[in-house]
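Here is a quick tour of one protein model, taken a piece at a time. Have a look at the fold before reading on.

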Amino acid sequence: MFVDQVKILVRGGDGGNGCVSFRREAHVPRGGPDGGVGGKGGDVVLVAVSHHNTLLSLRYQPEHRADRGGHGGPGNRTGRDGEDRAVSVPPGTSARDDATGDPLGEVLREGDRLVVARGGQGGRGNRSYLSNRNRAPREAQPGQAGEERWLQLDLRLIADVGLLGLPNAGKSTLLRHLSAARPKVADYPFTTLSPVLGVVEADERTFVAADIPGIIEGAHEGAGLGLQFLRHVERTRVLLHVVDASGLSGREPAEDLALVREEVRRHAPALLDRPQLVAASKRDLAGADDPLPGLALAAARLDLEVVAVSAATGEGLLALKRRLLGMIAASRALAPQEDPA
């Protein structure tokens, strides 16, 4: 099951208590205070792990607590620090405080770490209170409590190319033939119920493509599955519009393209500033009344290129891969240090 939003409770470990102790040794008269400080509590840390692509496990394990720090001891011994609690999440996960809505940060690459609940500091032992005026302090600090908060985690998949299109436009079939991904394919709408990632290879280079489901009219307002999954497009470098150009759907491909672009614009207008390409799919089924010229004309008005493809026969697939690779390389060259967001 694909889960991209969860709510979890995180609590940093409490700091250890400081110690009240006095030195007691033979032949050492008037031994002074020697109570040590408590150890720091552990932090709760989100860690990006690339082999995770869903937040499903956190739905069944919503509570995460770090270890508390050890108490200080006599002989000026410092308590041990509590161990951090690492919470594994997919790259592209962001966190915000559920109570205030404040963003806490995000993890985008393998190994990225984000502290979401800090452990408390250890308390001072009575050795720390020694002074000229207080030669025998009998006070110590308790450890501070660790931070505790409810978090809202939000996963937005990171991919180089996002496949957009109406249901049954051929996105899943295209991804199956471009990569080793195996999204469900069937002759009815909404076959794909969650985003699917696939690694595409051409000319000894690779890129990651994501099939984004549920784009229909009104998707930006939640119609179909659009509001749930349109946000996954936000981290892609290139938008690939997949349009049924067989002429058998009873729809105008140019109108389909305009509809999907309008939903993207209403969701996040800045997305339309990204590189875009149109894949005219199902070309093996085109008949005498070929809609491709009309689609190409409409795309040209939008300054978009059209690549005719057929997953069934393989027509245009290599050309499509190479064109996407070029667009991705150009996008990275313009912003080498930036991730799509």
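## The main core

A nonpolar core here is a set of buried Ala, Val, Leu, Ile, Met, Phe, Trp, Tyr and Cys residues joined through side-chain atoms within 4.5 Å. This is a predicted model, and its largest nonpolar core has 24 residues. The members that touch the most others are Val161, Leu163, Leu174, Phe207, Leu240, Leu320 and Leu324. At least two residues each come from strands S9 (161–164), S10 (196–202), S11 (205–211), S12 and S13 (276–281), and from helices H2 (171–178) and H6 (317–334). H6 is the top contributor, giving six residues.

Take leucine 324: setting aside neighbours within four places in sequence, it is in contact with Val161, Phe207, Val238, Leu240 and Leu277. Another core, of 21 residues, lies apart from this one and includes Ile8, Val10, Ala66 and Ala95.

## The sheet

Now for the six-stranded open sheet, which runs S10-S11-S9-S12-S13-S14 with mixed pairing. S10 and strand S14 (305–308) sit at the edges, each pairing on one side only. On average, neighbouring strands are turned by 30° against each other, direction ignored.

S9 and S12 pair in the parallel sense, over four bridges. Valine 161 has valine 238 in S12 as its bridge partner. Helix H5 (residues 292–301) packs on the sheet and touches S12, S13 and S14; the helix direction makes about 155° with that of S14.

## A buried arginine

Arginine 235 is in the loop between helix H3 (226–229) and strand S12 (238–244). Its relative accessible area is 5%, so arginine 235 counts as buried. What does its side chain make a polar contact with? The partner is the side chain of glutamate 106, at 2.8 Å.

Note on methods. Residues are numbered from 1 along each chain as its sequence is written. This is a predicted model: local features need pLDDT of at least 70, side-chain atom pairs count only at pLDDT 80 or more; totals for chains, interfaces and linings use all residues. Side-chain values use heavy atoms; hydrogens and water are left out. Buried means under 20% relative accessible area, exposed over 50%, partly exposed in between (1.4 Å probe, protein chains only). A polar contact is a pair of N or O atoms within 3.5 Å; within protein, one must be able to donate a hydrogen and the other to accept it, and residues adjacent in sequence count only if both atoms are side-chain atoms. Contact means heavy atoms within 4.5 Å. Two strands pair if DSSP finds at least two bridges between them. Axes are lines fitted to C-alpha atoms, for helices over the stretch in contact, and angles run from 0 to 180 degrees between N-to-C directions.
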